[in-house]
Amino acid sequence: MSDAHAHSVAFVRKSEIPPAPPPAAETGAWKWMRENLFSGPFNTIMTVVGVLIVFWLLSGLIPWIVNGTWEGADIRECREITAGTTGGCFAVIAERWPQLLYGFQYPDYLRWRPSLAFALLFVAVPPALFIMFLPRWTLIATAVYPFIAYWLIWGGTILTPVVAALGVVFAYTVFHRVERYGFVPGLAAGFATAFLTWWVGGTIADEFRTFAALEAVESRAMGGFMLNMILGIICVSLSIPIGILLALGRQSRLPIVKGFCVVFIEFVRGVPLITLLFVANVVLAYFLPPESNLDLIVRVVIMITMFSSAYIAEVIRGGLAALPKGQYEAGDSLGLDYAQSMRLIILPQALKISIPGIVNVAVGLFKDTTLVSVISMFDLVGMIRGPILSSTDWVGVYWELWAFACVLFFVVCYGISQYSQWLERQLRTDHR
């Protein structure tokens, strides 16, 4: 073959050309900045202004933290240590952290009990939050925890939480028997089983009465961030099931049930929470028998739970209204009664839709527990505004204490928010 003929044959590549890297401006951080921060004149100006504001804030915040001191018995010693600098006086946190966490009336030698209750919280909560990854028997820890936590924090004989647990067993037994066997035979079997459980449990509790007792602590001794945690956990745990019942009752066909739920929800939503707290502190005692002495924390829990359950009821009602009518008809076509249809078909879907709203109410409720300081309950905010700032040792210390309170509340609320987002991703089965 001649050279001229060989050069006239087209070249055929037998391997693929490796892809060339994209331009630097179309990938990585440069692309993100160009699309999100400098996509136009207005966004560019706002980005520059935002950077200047952040720089101005950090230029004062970082020296305040870095030059601060954690040593000193009072504000005068702090000022001597940080003389000539703009450092913060964090010694007030190191000096008063027991009061910030436990209040100033809870006995020092008994603080191990609420600390142990808080540690057990990390054992009891995961089975309820991550039940899809854990065996169902681990829910026993979640069910037992409220009674153990009450016994640890308030003390007294173990008979009190045991009897309360037996009451819960009784209610569940009656409900299960009624649902399975009908009202009359189920109710009789439930009463018989519950009585047997109560009798055996009461006999065992009497045996432990003499030595299974802790030193009792009155409710007025509760304070600090511990009180916020107690109110937040109890009220959120109670308001969700009550809110579900109110939402279902508002859609009921029974006029009395629907009217009661509508009046309750609209009245509670139209009243500020601080008004309900004053009612719990002052007015509620006038409606109780003269010899009764309902604990203040119980009254506050009732009012906060009523307030939050009304908002949760509206959130869940929105989830119920978002479901198509065919979902309700599906339960009827399968021969399910109202309770079974709601438990197996309707509520799982409605609650999945309502997760953002429920979390929003829960976060707001936890932050609203600080309002109890206006009725002379020394929670975290009450401790800062009252005994600590009124002390002559720490007059003039403000930002350090409020920053500490902000960090505690932010950690809890951010954790709740992140869990809700994770749960939404886990339940997003329609996009898989």
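Arginine 250 is buried in this predicted model. Its relative accessible area is 15%. Buried means under 20%, so arginine 250 falls inside that class. Arginine 250 forms a salt bridge with glutamate 314. The closest N and O atoms of this pair are 2.7 Å apart. The two partners come from distant parts of the chain. Glutamate 314 belongs to helix H13, which spans residues 296-322, and arginine 250 belongs to helix H10. They are 64 residues apart. Glutamate 314 also counts as buried, at 16% relative accessibility.

Glutamate 314 has a further partner. A salt bridge joins glutamate 314 to arginine 317, with 2.9 Å between the closest N and O atoms. Here both residues lie in helix H13. They are 3 residues apart, about one turn of the helix. Arginine 317 counts as partly exposed, with a relative accessibility of 31%. Salt bridges with shared partners tie Arg250, Glu266, Arg269, Glu314 and Arg317 into one network. Side chains of opposite charge can pair when their charged atoms come close.

The structure as a whole holds 8 salt bridges. Another of them pairs aspartate 74 with arginine 76. In this pair the closest N and O atoms are 3.3 Å apart. Aspartate 74 is buried, at a relative accessible area of 13%. Arginine 76 is partly exposed, at 48% relative accessibility. That value is under the 50% cut-off, so arginine 76 does not count as exposed.

Arginine 250 also takes part in helix packing, as the contact between H10 and H11 shows. Two packed helices are described by the angle between their axes and the distance between the axes. Helix H10 covers residues 224-250, and helix H11 covers residues 255-269. They pack at an angle of about 125°, and their axes are 8 Å apart. This angle makes H10 oblique to H11. The crossing of the two helices is left-handed. On the H10 side, the contact is made by Leu246, Gly249 and Arg250. On the H11 side, it is made by Val257, Lys258, Cys261, Val262, Phe264, Ile265 and Glu266. By type, the contact residues of H10 and H11 divide into 6 nonpolar, 1 polar and 3 charged.

Threonine 305 counts as buried, at 5% relative accessibility. Leaving aside neighbours within four places in sequence, threonine 305 is in contact with Cys235, Leu238, Ser239 and Ile242. Threonine 305 and glycine 243 are 62 residues apart in sequence. In space, their C-alpha atoms are 9.3 Å apart.

Tryptophan 70 lies in the loop between helix H3 (41-66) and helix H4 (75-81). Tryptophan 70 is exposed, with a relative accessible area of 53%. Even so, tryptophan 70 touches Phe90, Ala91, Ile93 and Ala94, not counting residues up to four places away in sequence. Isoleucine 93 is 23 residues from tryptophan 70 along the chain. The C-alpha atoms of these two residues are separated by 7.8 Å.

Arginine 111 is placed in the loop between helix H5 (91-102) and helix H6 (112-129). Arginine 111 counts as buried, at 17% relative accessibility. With residues up to four places away in sequence not counted, arginine 111 touches Pro98, Tyr102, Gly103 and Tyr106.

These details sit within the overall architecture. The protein chain has 17 helices and 2 strands. Of its 432 residues, 34% count as buried. Among contacts with a separation of 6 or more, 69% involve residues 24 or more positions apart.

Methods
Residues are numbered from 1 along each chain as its sequence is written. This is a predicted model: local features need pLDDT of at least 70, side-chain atom pairs count only at pLDDT 80 or more; totals for chains, interfaces and linings use all residues. Side-chain values use heavy atoms; hydrogens and water are left out. Axes are lines fitted to C-alpha atoms, for helices over the stretch in contact, and angles run from 0 to 180 degrees between N-to-C directions. Helices (H or I, at least four residues) and strands (E, at least two) are DSSP runs, numbered from the N terminus. Angles under 35 degrees count as roughly parallel, over 145 as roughly antiparallel, 65 to 115 as roughly perpendicular and the rest as oblique. A crossing is left-handed if the near helix is turned anticlockwise from the far one by less than a right angle, and right-handed if clockwise. Contact means heavy atoms within 4.5 Å. Ala, Val, Leu, Ile, Met, Phe, Trp, Tyr, Cys and Pro count as nonpolar, Asp, Glu, Lys and Arg as charged, and the others, Gly among them, as polar. A salt bridge is a side-chain nitrogen of Lys or Arg within 4 Å of a carboxyl oxygen of Asp or Glu. Buried means under 20% relative accessible area, exposed over 50%, partly exposed in between (1.4 Å probe, protein chains only).
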